[in-house]
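These are my notebook entries on one structure. I record what I looked up, entry by entry.

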Amino acid sequence: MAISVQVLVASILLASNALAAAGSKNQTLYILTLLPYPYINPLFDPSWVEGPQVSLALEIAKEDINNQLATLPGYQIELIGGDCGCEYVDRAYEAIGSTTYYPGVSKMPIGIIGPGCSSSSLSVSSLTNREALSLVNVHGGGSPLLSDRINLPYSLGTLGSAEAFANVTIKLMDMNNWHRIGILFNEFRQFYSSTAQSLHDIISSNSTLSSYLSPVYDSTYIPLSEIMQQGIRINILFTPVRTTRQVLCLALHRGVVYPAYQWIVTSNTFEDIAQNVNFELDHQVYNCSEAEMRQTALNRVSFINYRLSHINESAPSTYSKHSFKEYDALFRKRLQEQNNTNITYSVWTTYFYDTLWAWAVVLDRVSTREPNMDLTQFRYGNTSLSDMVLEEFYGLNFEGVSGRIKFNNDSGFLNRVISVFQAKDGNVTEVGYFEGVHFIVKEDLDAIEGEFPNKNFNIGPGVFAVLFIVTVLELVILITLHVLTIKYRFSQSVKASSPKLSQITFIGCYLLILTLFLYIFRRYLLLDDYTSVFLCNLTWAWLLPISFTLAYGTVAVRTWRLHRIFTHYLNPGRFIADHYLVAFVFILLGVDVLLGTLWMAIDPQQLDTKTVHQDVSNFVVRRCRDNSYWSYGLVFGYRGVLIVIVLVLTFLTRNIQNQSFRTKTLRVLVYLSSLTMVVGFVLFYLFIFHGSPLSHGPTAFILLTFHGVLLLFIALICLPPLIPKLREEFYKKFPHLIKTQEVDFE
């Protein structure tokens, strides 16, 4: 009996020792960690110092894993530290190669917990896909480029794909009726530039979206100038923390932070932004204190970021012994124990804590799946092991402290929830979240109304009414004079005014009034682009030159006839028939047609649309212009030559003894009309080259110049031939008003 008890006790001791030996973790599996430690590089953000925080989180996870005998029995996890920052390929290769790639290295990693930014994550992921280095890299970058399963099959993302940020932005635009937004992104960081590109691709590929959404992109390092010049009110910032602070600080100093502007900040938090910033821009130093940045971040700034934790923060995790609140308390306690002021709390720690746990669970499943495999003997080129590890990663589905750990087979990223937080009245609250398909609204975003729709800059209704009434009155007067000219066509004074030339003058004035009508309506009505361009070319290349030639050309040939009859040194006093003068007018008209045709064939006008921001309004200025101003100079320079010729002929005929009313008024018309057109066109060009885009200068001087010329023609060309006959008819009807002196009706 005693022997049996002794045998039983011995058996129990042996079994206990065997279990203890079986449960001991006497073999070490190495995992390489490439973390973003503090570094200095002007291309990136030196304020990103999550490396120490993540290292502490990984140490806590390693202790938890190694202390649990049920997870990965027989093995313990050890970490090999490396730092590739956020730089390009060479730095990433160096970080891996110095510890793993050279022959004779004893600590051969079985996997990688990769960089925390997209540029180096892409470099490391490309390297791990080489045949000689088949390692699974679980990185912290979020660029959509990392979801390429063909070229980067061994790359998995701890975060969600940044493509979700683009989808959230689309949802916000649709919900708040934002049809025009500014996209500001940092071109040096893959996460931000590729996310902006993803948003652009989503809009471009959808005919409905592209028909009413009009994003404006700016990729400068301080990407604010173009957005501000165009007065865009809704701005999405795909920028790192430092650049975000700089943009908001610059906006604060320029008075465009609130209330008229809406800023949507992606992948940053309120705590990140609400810090002081000092930077130099355009040789001016902008200093924003922490109080100013805090106030800026709390007004009209919303944050799109990964959900910080579970919806139920006390929900227990599947493998780790901690809930989020338990882990959070433990991490903060360890921070206090280390008494290291350089290490602060960061939400990134939860992601990397779960990442190491994911590695432990995967390796545990691989060792269970292949019990005869010694994982410590892993060597590069063993793609079968890497494929097995990758397969187990895709099979994960457990609750971690940062959320559900389940990788997407299509993208290789975790399906992280993206939340939208709103800063309002000093508080930051979650207004909704995006779980990959739907945007769940918890409360309405306090967004500005729509997009502050642009106001098309045209002449106002009051100015339009005045111009319209004046033009109609001019037309009525002109038609009246034309009817009277036809009625009294046999009158001596009307006959003496060269009736054929008078008809051409009337036609030119009618055409000038039509041009003014079209010009006024085009400036007042919101026409479609095709109609606007058509009217622009019709007005400038055809109507204005032709109407001018028909009206002013008659003045030119009349002046030439005076010069030819009275002062020409050959055959003075020779009579010149009207049909010769009409033919000369048509020659001038032919030159107009030729110049207009050349203009349209070589350099037709296009619609130039420019958005100008002034005070709290956006103005869209729609103007017609060609690529160069030579065509204006050619067409209207020809008119200048004609004016100069007529002025010279007028000066040469100034001493003609015939002092008839028509001769004197002709000289007056030439002087006044020439002065009016020269001054008008000079001022027009000055306003085009030096005037404000919101100035009415070009429109005003065009209208005033041609209205003035039209009135001069009515007053000095169309009316004078009728005055003698009208005076005669007047005295016939009212004979008692006839003066005693003789009336000269000639």
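**Entry 1**

Is E399 buried or exposed? I looked up its relative accessible area and found 19%, so E399 is buried, the limit being under 20%. I then looked for its partner. R404 forms a salt bridge with E399, and the closest N and O atoms are 2.9 Å apart. R404 itself is partly exposed, at a relative accessible area of 41%.

**Entry 1: the model and its confidence**

I note that this is a predicted model. The mean pLDDT of the protein chain is 76, and 75% of the residues reach 70 or more. I looked up where confidence is lowest and found helix α1, residues 2-23, at a mean of 41. Confidence is highest in helix α13, residues 348-369, at 90.

I also looked up stretches in which pLDDT stays under 50. One covers residues 39-47, for which the model has 26 contacts beyond four places in sequence. Another covers residues 740-746, with five such contacts.

**Entry 2: the chain as a whole**

I looked up the secondary structure of the protein chain, which comes to 23 helices and 20 strands. The chain has 746 residues, and buried residues make up 53% of them. Its accessible surface comes to about 34200 Å², and carbon and sulfur atoms account for 59% of that area.

**Entry 3: helix α4**

How many residues of helix α4 are buried? I found ten of its eleven residues buried, and the helix, residues 118-128, is therefore mostly covered under the 20% limit. Among the buried residues of α4 are the serines S118, S119, S120, S121, S123 and S125. The buried residues of α4 also include L122, V124, L127 and T128.

**Entry 4: helix α14 and its pairs**

I looked up the aromatic pairs and found that the structure holds twelve. In one of them, the ring centres of F393 and F407 are 5.8 Å apart and the planes stand at 85°, so the pair is edge-to-face. F393 lies in helix α14 (residues 383-394), while F407 lies in the loop between β14 (403-405) and β15 (418-424), so the pair ties together parts 14 residues apart in sequence. F393 counts as buried at 0% relative accessibility. F407 is buried as well, with a relative accessible area of 4%.

I stayed with helix α14 and turned to charged side chains. The structure holds ten salt bridges. One of them joins E392 and R369, with the closest N and O atoms 3.0 Å apart. E392 lies in helix α14 and R369 in helix α13, so this pair ties together parts that are 23 residues apart in sequence. E392 counts as buried, at 14% relative accessibility, whereas R369 is partly exposed, at 37%.

Which residue forms a salt bridge with E430? I found K442, with the closest N and O atoms 2.8 Å apart. The pair links distant parts of the chain, with E430 in strand β16 (residues 427-434) and K442 in the loop between β17 (439-441) and β18 (455-456), twelve residues apart. E430 is buried, with a relative accessible area of 15%.

I looked up F468 and F517. Their ring centres are 5.7 Å apart and the planes are at 65°, so the pair is edge-to-face, the limit being over 60 degrees. F468 lies in helix α15 (residues 461-487) and F517 in helix α17 (residues 499-524), so the pair ties together parts 49 residues apart in sequence. F468 is partly exposed, with a relative accessible area of 31%. F517 counts as buried, at 15% relative accessibility.

**Entry 5: groups of linked side chains**

Finally, I looked for groups beyond single pairs. Ring pairs link F165, F191, Y192, Y306 and Y351 into a cluster. Among charged side chains, E59, K62 and E78 are linked in a network of salt bridges.

Note on methods
Residues are numbered from 1 along each chain as its sequence is written. This is a predicted model: local features need pLDDT of at least 70, side-chain atom pairs count only at pLDDT 80 or more; totals for chains, interfaces and linings use all residues. Side-chain values use heavy atoms; hydrogens and water are left out. pLDDT is the predictor's confidence in each residue, from 0 to 100. Helices (H or I, at least four residues) and strands (E, at least two) are DSSP runs, numbered from the N terminus. Contact means heavy atoms within 4.5 Å. Buried means under 20% relative accessible area, exposed over 50%, partly exposed in between (1.4 Å probe, protein chains only). Rings of Phe, Tyr and Trp (its six-membered ring) pair if their centres lie within 6.5 Å; planes under 30 degrees apart count as stacked, over 60 as edge-to-face and the rest as tilted. A salt bridge is a side-chain nitrogen of Lys or Arg within 4 Å of a carboxyl oxygen of Asp or Glu. Accessible areas come from the Shrake-Rupley method with a 1.4 Å probe; for residues, only the protein chains shown count as cover.
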